[in-house]
Amino acid sequence: MLIAPTGGGKTMAGFLPTLAELADGRHQGLHTLYISPLKALAADIKRNLRTPVEEIGLPIRIEDRTGDTTQTQRKRQRADPPHILLTTPESLALLTSYEDAGHMFKGLQRVIVDEIHALSESKRGDQLMLALSRLSTLAPGLRRVGLSATVEDPPAIARILARHPDPCQILEADPGPDPDISMLETSDRPPWSGGGGRYAIPAVLEQVKAHKTSLIFHNTRAQAEIFFHHLWLANEDRLPIGIHHGALSREQREKVEAAMVAGELRAIVCTGSLDLGIDWGDVDLVIQVGAPKNVKRLVQRIGRANHRYNAPSKALLVPANRFEVVECVAALEAARDHDLDGEPMGDGPLDVLCQHILIRAAAGPFGADDLYAEVISAGAYATLSRDRFDRCLDFCATGGYALKSYDRWQKLILRPDGHWQLRDPRAARQIRMNIGTILASDKLKVRLKHARGGMPLGEVEEEFAATLVKGDTFLIGGQIVRYEGLREMTIEVTRSPSDKPKVATFMGSKFATSTQLSDRILAMFRQEKWPNLPAHTAEWLALQREVSRLPERDRLLVESFPHDGREHVCVYGFAGKNAQQTLGLLLTQRMEEEGLNPLGFVSTDYATLIWGLDPLKDAKPLFSRENLTETMETWLSGNAVMKRTFKGAAIIAGLIDRNMPAGKRKTGRQATFSTDILYDTLRKYDPTHVMLEITRAEAMRGMVDYGRIDALLTRIGDRIDHVQLPRLTPLAAPLFLEVGRVAVKGRAEQRLVEEEAARLMAEAGLPAAG
Amino acid sequence: MNGYSFTFAGLQLEALRSGALWWEAESVLCVSDLHLGKSERMARRGGPMLPPYEVRDTLIRLEDDLTAKAPQTVICLGDSFDDLAAADALSDEMTAWLATLMAGRRWIWIEGNHDAGPVGLGGTHLSSFRAGPLSFRHIAEPGEKHEISGHYHPKAKVLTRARNVTRPCFLTDETRVIMPAYGTYTGGLHSHDAALAGLMSPGATAILLSDPPVRVPMPR
């Protein structure tokens with residue numbers, strides 16, 4: 001594994017042995033597989049690799065293969081593979097699912113995994129490593145090379161990369177000079193709440209003018225869009241500025257990429273789709289709008305600027321609201337102290353294993369012992385017990401139910417020779433269509449309301465759409481619109497004159513802030529004055545201290561206040577997003593029991609905001625240890641987070657087809673039903689089923705952190721400061737535009753329906769009761 | 001068992017929380033779209049192997065209604081089975097249980113589009129059934145009077161001041177009642193779908209399956 005900062009030329013270093021081995025032109029077929037997390041990166045490497053190869057005149061064929069590759073080209077690649085194939089984890093998994101995989105990968109010598117630090121944090125990495133375990137069987141001499149940006153724990157990533165239990169050599173390059181990072185000074189003050197960073201547009205434009213090429217990063221696509229829109233309006237000098245994010249069409253993205261490479265753009269407004277080591281040449285400034293939720297990501301983004309290895313990279317942070325000013329200052333300190341953060345890596349998830357078993361079955365008959373041996377050679381699955389493997393295999397074969405009712409229809413059957421094979425070979429097609437671990441949520445189209453079908457504006461997630469009430473305003477395609485209603489799976493909106501959306505933006509990569517940052521922020525709150533913060537933010541904190549309090553490490557601040565027709569409770573636990581999320585689930589369940597009619601909550605790394613119909617008068621009983629522990633015992637039952645987790649795991653593991661939940665059949669939607677029903681049914685009749693076990697493990701990994709809640713409760717003891725206020729506080733304001741709201745389905749819903757029914761019946765002149 | 005009582009064709013009917021319809025005066029309980037055997041049918045056709053417990057779950061709920069109301073007549077309003085083969089494939093345990101539920105009362109299977117044809121489970125098989133002023137059939141017929149039907153699995157969405165709430169529902173107007181699906185593995189069709197909006201008169205209402213059921217003007 002080679003670790004070097006961006007701009008160090010590590011990708012080319014990774015390819016050098018390949019070029020040397022292929023130079024004599026004797027190798028037939030596939031020699032090197034290059035895998036990157038991004039399609040754009042594969043295309044970029046193809047450009048950068050082909051140029052020197054053609055200039056030297058080496059007899060090497062280089063091709064890429066991603067979701068964008070045409071059918072014809074894919075077929076040809078399998079029959080006659082190039083020497084070097086550049087691809088993504090999903091496309092590789094697909095290649096291993098074909099019956100001719102053995103033929104295609106037979107002569108494979110090397111596999112290069114680029115940006116492995118990014119892959120190692122997700123299920124895509126787990127899927128990739130399982131695919132590599134398969135390749136190591138098909139091509140026994142295969143060598144693996146991992147390329148990584150600076151990471152906090154190189155041996156942990158090396159363990160994932162290497163074939164278990166083989167050792168992995170780690171090479172660390174000189175990290176280069178420290179980056180030059182500071183906060184952008186603006187004449188306008190950042191708002192209390194909001195995520196767009198619009199106030200900073202004049203200052204950002206000045207910076208763009210003063211530099212050759214700038215990258216302007218945002219944490220979400222929606223924010224990138226609205227920022228771009230307003231940047232254009234203010235761009236009086238007509239500077240060439242482009243936008244790039246994952247939701248744009250391929251043509252649009254390619255156009256921007258080409259213009260960038262040709263040096264035609266002065267700035268690109270972008271999101272994580274440009275986050276990884278794409279070499280854009282002359283970028284000399286990186287601007288990060290919104291708090292960099294973790295320091296590692298910040299450092300990697302800064303790596304974009306100034307690709308000369310010995311010059312420091314230059315970056316500016318633009319906090320979007322005043323809380324983010326505090327976060328940015330903390331992040332700057334952390335970056336200067338080289339205090340990189342990261343999550344510990346867990347065991348390989350079983351839903352990905354189930355998918356891998358199905359992919360293996362699609363490629364042809366297999367022996368369970370052989371496959372188990374292969375699987376545990378992947379680092380993340382090294383400790384997988386045979387029993388758990390067998391349960392996953394049984395799930396793939398028979399459904400794994402206590403009630404054995406699929407004997408005749410099971411998916412995999414055991415042949416007399418002890419090998420498993422697909423009962424119906426046509427199932428291979430369905431398995432291939434379900435490959436992948438990225439879950440796209442169901443989307444609904446948004447249109448302007450118009451008699452003859454208005455202009456399409458884009459798409460929003462179904463879950464977000466379900467939270468909308470007529471009159472809500474939200475942001476899409478760079479404009480603010482008003483929700484009018486739902487018509488045949490399309491959301492109808494009108495243009496809204498307001499300049500601030502009422503409802504949180506719909507898309508967001510949810511980055512969790514590390515505990516290190518939380519601790520730094522709490523330490524900052526203890527200061528009497530804040531000379532190290534801009535005056536507006538220091539005033540804002542002083543105001544919070546005056547009207548309420550500032551959170552402290554060994555106490556728990558709970559604020560309750562009415563806002564916008566609902567009662568709110570804000571709990572500042574500073575326990576990290578996962579723990580705050582769990583706290584939200586536990587507290588809303590306790591509030592439901594106390595008759596406070598909670599409606600939903602949203603969590604950040606610092607706080608949980610709960611809203612409902614009735615005000616919280618006394619916070620202490622909510623936090624009683626016995627009550628919460630008791631709630632913890634039962635909460636795992638039917639909560640919304642578990643159901644959401646179940647749906648994701650069920651899709652990855654192949655329990656349901658990817659397109660089934662949103663199945664749009666011509667005969668109407670009554671044929672499809674919600675995965676929540678499957679979850680409830682399993683819980684009732686087959687509570688030890690492996691899918692529930694996977695769901696629980698996933699929820700524990702992703703959302704729940706009872707250990708940290710328990711630690712928090714121990715730390716605070718009975719030091720709960722409950723402040724009741726007539727209106728929202730400075731510190732609570734940023735929470736109102738957070739993404740990732742969780743709805744609570746309790747008695748409040750019944751009350752709302754009864755209220756509305758009474759109103760509607762009266763309006764229609766109908767009797768309220770039958 | 002708190003249901004919602006309403007007047008239809010001059011009769012007093014009760015929409016039960018479970019999705020069943022109770023006609024007390026004649027001791028008739030009507031359920032629609034049980035879709036028994038749906039998981040078996042999906043697996044048989046090469047689809048996903050869903051948790052095979054929907055028959056059990058549906059029968060448990062049906063048994064609760066039968067115990068509470070002790071009807072003399074039960075009408076299953078069609079699509080009782082996901083297809084005829086699914087009816088044959090019911091396990092012995094489920095078949096015996098169904099027989100217990102049917103014992104001692106008149107049981108009428110109305111044919112649906114999924115289960116057109118007799119099944120070997122006893123009871124009376126009819127394409128439609130008339131009782132007093134009411135006619136029972138699977139799919140609503142435009143122009144029919146005092147008709148109880150199923151098929152569409154209606155659901156309705158209420159926009160409350162804080163959130164949208166969607167629930168399966170009964171749709172009612174002067175001439176018809178369209179029943180919600182009773183089976184566990186069933187989805188729903190929005191009342192604002194053209195198919196339903198076209199069938200129901202302007203004054204139609206929806207009775208939402210909540211606890212207790214709530215009546216609203218039919219959302220369009």
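Tutor: Two residues are in contact when their C-beta atoms, placed from the backbone, lie within 7 Å. The model is predicted, so local features need a pLDDT of at least 70 and side-chain atom pairs count only at pLDDT 80 or more, whereas totals for chains, interfaces and linings use all residues. Residues are numbered from 1 along each chain as its sequence is written, while chains are lettered from A and ligands numbered from 1 in the order in which they are written.

I shall take chain B as the part to examine. Its secondary structure comes to five helices and 16 strands, these being DSSP runs numbered from the N terminus (helices H or I of at least four residues, strands E of at least two). The C-alpha trace spans about 45 × 40 × 35 Å along its principal axes. For 220 residues a compact globule would have a radius of gyration near 17 Å, and chain B agrees with this at 17 Å; the radius is taken over C-alpha atoms, and the rule is 2.2 Å times the number of residues to the power 0.38. Buried residues account for 52% of the 220 residues in chain B, where buried requires 20 or more other C-beta atoms within 10 Å of the residue's own, exposed 12 or fewer, and partly exposed a count in between. Of the contacts in chain B that link residues at least 6 apart in sequence, 67% join residues at least 24 apart.

Within chain B, strand 5 (73–76) pairs with strand 6 (106–110) in the parallel sense over four bridges, pairing being counted when DSSP finds at least two bridges between two strands. Thr73(B) of this pair stands opposite Arg106(B). Strand 6 of chain B also pairs in the parallel sense with strand 7 (124–126), over three bridges, and there Ile110(B) has Leu126(B) as its bridge partner. Elsewhere, in the loop between strand 15 and strand 16 of chain B, lies Pro212(B), which is joined to Asp211(B) by a cis peptide bond with omega about 0°.

Turning to the neighbouring chain, the contact takes 43 residues from chain B and 46 from chain A. Elements giving two or more residues to the chain B side include helix 1 (38–44), helix 2 (54–69), strand 15 (205–208) and strand 16 (214–217), and strand 16 of chain B gives the most, with four residues. This side divides into 21 nonpolar, twelve polar and ten charged residues, with Ala, Val, Leu, Ile, Met, Phe, Trp, Tyr, Cys and Pro counted as nonpolar, Asp, Glu, Lys and Arg as charged, and the others, Gly among them, as polar.

Back in chain B, and leaving aside residues up to four places away in sequence, Cys30(B) touches Ala20(B), Leu21(B), Ile75(B), Leu77(B), Phe136(B) and Ile148(B).
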